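Please keep the sequence and the three-dimensional view at hand while reading.

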Amino acid sequence: MDVKQINQKLTRIFKEEKKRIVFWYDSEKEFEESLSSIHAGEATLLRLDETGALDLKIQIEAQGNNSKYLLYAPWYEPEPEKDWLFDIKLYSYTFHADKASILMGELGLENQSLRPFIKARKAFFKNQDRLDRLKKWIAPDDREDDIDLKMITVLARAEQPDPFAILMKILESFCKSGSFIPDEESKPWKDIETLGLATSFWTFMAKTFGCVIESSQALSDLLIKIFVTDFSNQYKKDLPLSLEHFRLTGSSKTMNASVFISQWQTHTIHCKNFNRVSKCFAQKLNMDEILAPLQIEDLVDVMTFENVERRIISSFRDQIINDTEKEFSVIQDAVKKRLDGYWTNATFDGDMKDNLYKTAYQALITSINLLELRKKYDAGFSYKSAVDMFNAYTGELFCFDQYYRHFNELADTTEQAGWDILKQLRLSVEECYSNWFMDKLSLCWGDFLESDQGLLQHWHLPNIRNQYNFFKDKIKSDYVKSDRKRIFVIISDALRYEAGKEITDRINGKYRLKAQIEPMLGILPSYTALGMACLLPYKTLSFKEGSATPLIDGKPTGSFEQRAAILEGVEGTAVKASDLSAMSKDKGREFVKPHKVIYIYHDQIDAVGDKAVSEDKTFEAVRTAIDELTALVGFIINSLNGTHVMITADHGFIYQDKKPDNLDKSMLEIESQGIVKKHKRFFMGKDLGTSDKVFSGNTRQTAHTDTDMTFWLPKGTNRFNFVGGAKFFHGGAMLQEIVIPLVTVSEMKGIHKEKSQISKVGVSMLGSMKKIVTNIPRFEFIQTDAVSNRMKPRMLKISLRDGNELISSEETITFDSSSSSMDDRKKSVKLPLKSVPFDNKKEYALVLRNAEDETEYERLPLMIDIAFANDF
């Protein structure tokens, strides 16, 4: 501010603001030589260093209220208790012309003693953008430390003036090209050092984490101590000696390391940087070697390093492989904890689209489910009748197929990403499924197929619908002969029962939809042409002369168009699933309007599995089919006004990941001249005769044909040849091939519609904690509802907060128990508090937020009254 500006401002103060007495403190004596040029209208200029306080008071009082004075002092404004003129100052105006005072005025700072501090930070204020950004943080009563913290916040561009937020942002500046490079130049860090704020930064870090860093590699030294201390806080035993000297000790502030790590991991923006920094220090510490001898049970709470996740998964995998007789409940509990942890929910750089740690853990759980189911039937399978075994399969044994498929899906995902971690476990799963379950199942089921009284001679089971009666029983009587609304029938080629069960469960988890599944006894041989034909309306089912091509009332059924023509006779039509899904709502409604029966043909599984080049993707095709069929049902009901939908199949399938050998091949010494169709799972022809090496039958019994057609089936899971693929096959009499799913979906209305509401389980805190008296409080919760189709799991982020500011770690807990026992639905969480002063008269809160969208589920008020530092 120059002399002209000073004169203008003083004139305005005296005239416009009508001040009579103005004090001017010029501590740096910047304007002492210019006093002769200072003109403030009629005001008298007096120097306080030349006029005593008592004389000044007498002079002012003698002149009366009409006199005006500019009182100049070449020193700092004194504290009130030392100011002899304080009584006059109470009704006067204090003027400052130095840069520091002007800045204080701009910032709204009230404490004039801060001027020397502001002057010492003058380099910071040379940049107008920095000054403008600082203004939003400054409070009138801020002191030196407050202002330094906020200046560093501005330089780091942190979200708030908090050591945690500042450190996260500074570390972001060292994360370039997807890696943490501490030796790289960082503009925020360079500015902090250049502008003289580095000492203050380290003071804040010392106050926050309880450590003093004195090193040229200060930032790296601080971080390595934070990471090791967090590891130590979660590890259940004493630290390995190679890490011990890095651990922060001797202060209650050391728990801040874990609170900082937790808040860093849960930060929506900075969590990726955490991954990079953690990886850097894991390599620096050689964590893989350190972790190798440690006991897994001591590591289950540690979320510091990604290496821990790999170590735990590898160990659990080995335990599952080598200890198949042990109880796996400890592993299951630990896996649930890890699935709620950071690394299984983190987003990674690069090509990892799925979180492979989560995928691997899910594979472990699925393998345990499979092995536990095997234990239940370890003695093999024994049933009194074929219907008992059929019902056992549809009741529980199908889970072997489902677990096997799920595991292979998950293992495929990890292997396609280049991970070999599940390859050894895959061999154990294959041994359980292919060499135990399928063998035992085929032996037991085979006993019910053979002999004169066997199922092949009398292809009926009590209370089980035959597939060839589908149209007569489910469509004709209920729809074609009545005034009921139209029926949609989706036929998915090779959709087996376990996949149909999964579709049923998924649909039952949707609002206003209800699905029921029943099994049908499929036809033999179980191949597409015959399976598709028997689902159509017909009076006679026969074969074209000299072939295995089915005819419906003498008409061919092999093509989509031929089946559509047959359906026209019952006011029906046919459409491909892909074509229907591609229609708009209006076009779709126009298409179905003239018809009472709409057959929708879907081909995903068989199209992929029944080819040698793509059979390895069979389970991927099943997943796609489940997704597409569920979506198709939604489209029919929501867009086409459909109220009844059925999903079924022509046949099932068997898939075994192991490569077949000659033992899986049925060799026939004599080949009949009457064969009209050869397939890897059946031969068909006229008068084939019998052989003790095969199952033999007649389609008159197994497919309700009006003409005789005999067939041979290899026993068990054997094949006659491996043409067209060797792992995926169908056509035989195994339960996976001939148990046909029939899923009936209807729209719920009225009171039933309300019951179909989809909700998430409730969660309540046990007890009534009103006050926290320890640095690491523990809270216990209970899941008030059991998980079911319509009652979904709830994932909560749980933390302690001051308003919305985090004051503790934030932990994620999934409440997903389907147990009816309340004890099984209890979960607890520890929330280490940030080591800062808490007001024991202030209300804080335990906050529960839904993890998927951060909406608040519950906020429970409580007080914090920690009498003394206590980390335990």
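## Basis of the report

The structure is a predicted model. Residue numbers start from 1 along each chain, following the sequence as written.

## Helices H8 and H9

Helix H8 covers residues 144-156 and helix H9 covers residues 163-172. The two pack at an angle of about 30°, and their axes are 9 Å apart. Because angles under 35 degrees count as roughly parallel, H8 is roughly parallel to H9. Their crossing is left-handed.

On the H8 side, the residues that meet H9 are Leu149, Ile152, Thr153 and Ala156. Their counterparts in H9 are Pro163, Ile166, Lys169 and Ile170. Sorted by class, the contact of H8 with H9 comprises six nonpolar residues, one polar residue and one charged residue.

Arg157 is placed in the loop between H8 and H9. Although Arg157 is not a glycine, its phi is positive, at about 60°. With a relative accessible area of 52%, Arg157 is exposed, because the term applies to values over 50%.

## Helices H9 and H12

H9 also packs with helix H12, which spans residues 218-234. Here the angle is about 120° and the axes are 13 Å apart. H9 and H12 are therefore oblique to each other. The crossing of H9 and H12 is left-handed.

H9 contributes Leu167, Ile170 and Leu171 to this contact, while H12 contributes Leu219, Leu222, Leu223 and Ile226. By class, the residues of the contact of H9 with H12 are seven nonpolar, with no polar and no charged residues.

## Helices H12 and H15

H12 has a further packing arrangement with helix H15, residues 271-285. The axes of H12 and H15 come within 11 Å and cross at roughly 90°. The two helices are therefore roughly perpendicular to each other.

From H12, the residues in this contact are Ser220, Leu223, Ile224, Phe227 and Val228. They meet Phe274, Val277, Ser278, Phe281, Lys284 and Leu285 of H15. The contact of H12 with H15 divides into eight nonpolar, two polar and one charged residues.

## Leu243 in helix H13

Leu243 belongs to helix H13, which consists of residues 241-244. Its relative accessibility is 1%, so Leu243 counts as buried. Apart from neighbours within four places in sequence, Leu243 is in contact with Val228, Phe231, Leu285, Met287 and Ile290. Val228 and Leu285 also belong to the contact of H12 with H15.

Leu243 and Thr528 lie 285 residues apart along the chain, and their C-alpha atoms are separated by 64 Å.

Pro525 is found in the loop between strand S9 (513-521) and helix H24 (528-534). The peptide bond leading from Leu524 to Pro525 is cis, with omega near -10°.

Tyr538 is located in the loop between H24 and strand S10 (541-543). Setting aside neighbours within four places in sequence, Tyr538 is in contact with Tyr468, Ala533, Ile552, Asp553 and His704. For Tyr468 there is also a polar approach: its backbone oxygen lies 3.1 Å from a polar atom of the side chain of Tyr538. Tyr538 and Phe471 are 67 residues apart in sequence, and their C-alpha atoms are 8.4 Å apart in space.

His679 lies in the loop between strand S17 (675-678) and strand S18 (683-685). Is this residue buried or exposed? His679 counts as buried, because its relative accessibility is 14% and the cut-off for that term is under 20%. A polar atom of the His679 side chain is 3.0 Å from the backbone nitrogen of Arg681. Not counting residues up to four places away in sequence, His679 touches Phe720, Asn721 and His730.

Asp687 is in the loop between S18 and strand S19 (694-698). A residue other than glycine, Asp687 has a positive phi near 50°. Asp687 is exposed, with a relative accessible area of 70%, whereas His679 is buried.

Methods: This is a predicted model: local features need pLDDT of at least 70, side-chain atom pairs count only at pLDDT 80 or more; totals for chains, interfaces and linings use all residues. Side-chain values use heavy atoms; hydrogens and water are left out. Helices (H or I, at least four residues) and strands (E, at least two) are DSSP runs, numbered from the N terminus. Buried means under 20% relative accessible area, exposed over 50%, partly exposed in between (1.4 Å probe, protein chains only). A polar contact is a pair of N or O atoms within 3.5 Å; within protein, one must be able to donate a hydrogen and the other to accept it, and residues adjacent in sequence count only if both atoms are side-chain atoms. Contact means heavy atoms within 4.5 Å. Axes are lines fitted to C-alpha atoms, for helices over the stretch in contact, and angles run from 0 to 180 degrees between N-to-C directions. Angles under 35 degrees count as roughly parallel, over 145 as roughly antiparallel, 65 to 115 as roughly perpendicular and the rest as oblique. A crossing is left-handed if the near helix is turned anticlockwise from the far one by less than a right angle, and right-handed if clockwise. Ala, Val, Leu, Ile, Met, Phe, Trp, Tyr, Cys and Pro count as nonpolar, Asp, Glu, Lys and Arg as charged, and the others, Gly among them, as polar.
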